[in-house]
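Here is a short briefing to read alongside the model. Take a look at the fold first, then follow the notes topic by topic.

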Amino acid sequence: MATHLSKLDLILETITDGVLVVDSGGVVLYANHAAETLLARKPIVGQSLAIPVNPNKNSHQDINLIRPDGLAWAEMRSAPVEWDGQPGYVIALRDITERKHMEMERQKFVSLADNSMEFISMCDMNFNSFYINEAGMRLIGLDSVEQCGRTPIEEFFFPEDQRFIINEFFPRVLRDGHADVEIRFRHFKTGAAIWMIYNVFFIKDSTGEPVGIATVSRDISERKQAEAAMCEADRRKDEFLAMLAHELRNPLAPISNAVHIMKHFSLDKKRLAWCHDVIGRQVEHLVRLVDDLLDVSRISRGKIELKRELLEISTIVQRAVETSQPLMEAHRHEFSVHLPPEPVIVEGDLVRLSQVVSNLINNAAKYTDEEGRIRLTVERGDNEIFIRVRDNGRGIDPSALPGLFQLFYQVDRTIDRSEGGLGIGLALVKSLVTMHGGEVWAISEGRGKGSEFVVRLPCLPQAPDVPVFYQAGVKPTEGSFRILVVDDNRDAAQSLSLLLNTVGHAVSLAYDGHAALETALAERPEVVLLDIGLPGMDGYAVARALRQHPALGTTHLIALSGYGRQVDREQARKAGFNGYLTKPVDFDELQCALTQPSFPEQVPG
């Protein structure tokens, strides 16, 4: 029996829970080492303790312990027992001070969290969530805290971000005790991404040891959308500046060539008149570009004032058609106009409304192939009219429709700039229509299916439709070269050809990539001056095709382009060009390039 008791004493002395035996008056009859440590009293046997016990049955409760070093908490279980022939109680004490401190801290955290509009949550040291505040659950589409507890932590995040969170971010939290990152949460109902600043830190006990993990996160989706919009605007600005440089250089090239011819050579009346015509046409083109830019500037600053008057819609249409007729005739388009039989009156600015209709016709003409059809229809509704410009041209991808009327927007951002333009015509249309109290939109079933632009304007009451139709419907001298000039801008190609002819070179012309290949194979030029922005088969493709023919492998290829960035020059070099010149080409620089043996290093223009 003594051996049995000694083994029991050994067990009681080694366990971490405190064990006491007290008599009915609370005097300690027995205490193990853990009890003396927990109560911070040694020796304790013979001392009286004020510990609440149930005299008739077993009891279980949490109690406060007042110790010299402060307040502690213990989980107490007690039961009646007879000890050495007298009644008493056996008491087991388990230290729960850390747990109580954590519960109190958690309660303070929860009270704060429940009144916060930010996403606040808590999880254990294994990142198992057990609490999210109401605002956080609403933000990410959770229905209950229970759903939170059942959901693996990685599923709170957008799928593309889960690997980073598990493999990189959480290890950093465990290593440093805190971390923050801008990350996408996942909305549990819609699957949408929600950008958050995710701030994570340890919850610590009174000794400074981590016992849990808390997060305080803020929704930054609006800020991210604003940043994305700024990046998109910045990208479009850069694209616009590159396009502007290209569009300005294109007319400057034939102007520069014509001026050079007039300065350095004696010309007969025919050639002089031709130079004047080239300069006049290209200056008109420059004026239109500048006018469009000024209009955009004036509208954006609210500087345009409308000269309102009562206008018959046919007057607006007639002026617009007169402006756009040359472009349609150049493409041999079939053009028809359908107007109501009775006068339809609108209140507006004749110049600006004619500009709206003309811009839409020009847009249709630019994106409709030769001999295609363009139809302008005016329909009257209840106190409003609809002006429709319909074509059977290239059509528009439905995904591009929402952005069509944005400033500097370009549907086709290819090297082929054959239609020209700065992406401001439709933006002008929308601004001017809006100023007249109307709206404009575009309709297209997709690529190759044509498009329709519709303008709605308020009008004075009037009425049905009768159609009115308009139908738009040399042997080289010593030191000279056989040169092929390739440019879809005929004025630029012809003026450059004239310049080269004048100094003794034999020049052939081609206006697109396929014609360039045919001419090069037939005439075997020594030099090809090749525009990069050709429609269809661009200059890079032509250069690569030329290099594939053994007979043209040593032909000197010089790129001509309105783009002057270093990346464009590098692309030309890889395509097989020997040289790269930006428009308008300086003639002395061109003559030097004709004899340049390899691709020269140049400073971007």
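Buried means under 20% relative accessible area, exposed means over 50%, and partly exposed lies in between, using a 1.4 Å probe and protein chains only. By that scale Arg544, at 44% relative accessibility, counts as partly exposed. The model is a predicted one, where local features need pLDDT of at least 70, side-chain atom pairs count only at pLDDT 80 or more, and totals for chains, interfaces and linings use all residues. Residues are numbered from 1 along each chain as its sequence is written, and side-chain values use heavy atoms, with hydrogens and water left out.

**The five-stranded sheet**

- Five strands form an open sheet in the order E7-E6-E10-E9-E8, with antiparallel pairing; strands are DSSP runs (E, at least two residues), as are helices (H or I, at least four), numbered from the N terminus, and two strands pair if DSSP finds at least two bridges between them.
- The edges are held by E7 (129-132) and E8 (178-186), and each has a single partner strand, so one side of each is left without a neighbour in the sheet.
- On average, neighbouring strands of this sheet are turned by 25° against each other, direction ignored; axes are lines fitted to C-alpha atoms, for helices over the stretch in contact (heavy atoms within 4.5 Å), and angles run from 0 to 180 degrees between N-to-C directions.
- E8 runs antiparallel to E9 (residues 193-204), and nine bridges join them; Glu182, for one, has Ile197 in E9 as its bridge partner.
- Helix H6 (residues 162-176) lies across E8, E9 and E10 (210-219), running at about 155° to E8.

**Aromatic rings**

- There are eleven aromatic pairs in the structure; rings of Phe, Tyr and Trp (its six-membered ring) pair if their centres lie within 6.5 Å, with planes under 30 degrees apart counted as stacked, over 60 as edge-to-face and the rest as tilted.
- Phe157 and Phe185 make a tilted pair, 4.8 Å centre to centre with 50° between the planes.
- This pair links distant parts of the chain, 28 residues apart: Phe157 is in the loop between H5 (145-150) and H6, and Phe185 is in E8.
- Phe157 is buried at 1% relative accessibility, and Phe185 is buried with a relative accessible area of 1%.
- Ring pairs join a cluster whose members include Phe119, Phe127, Phe164 and Tyr198.

**Charges over rings**

- The charged end of Lys100 sits over the ring of Trp73, 4.7 Å from its centre; this requires NZ of Lys or CZ of Arg within 6 Å of the ring centre and within 35 degrees of the ring normal.
- Lys224 lies over the face of Trp195, 4.4 Å from the ring centre.

**Back to Arg544**

- Arg544 is in helix H14 (residues 539-547).
- Arg544 and Ala575 are 5.5 Å apart in space, C-alpha to C-alpha, and 31 residues apart in sequence.
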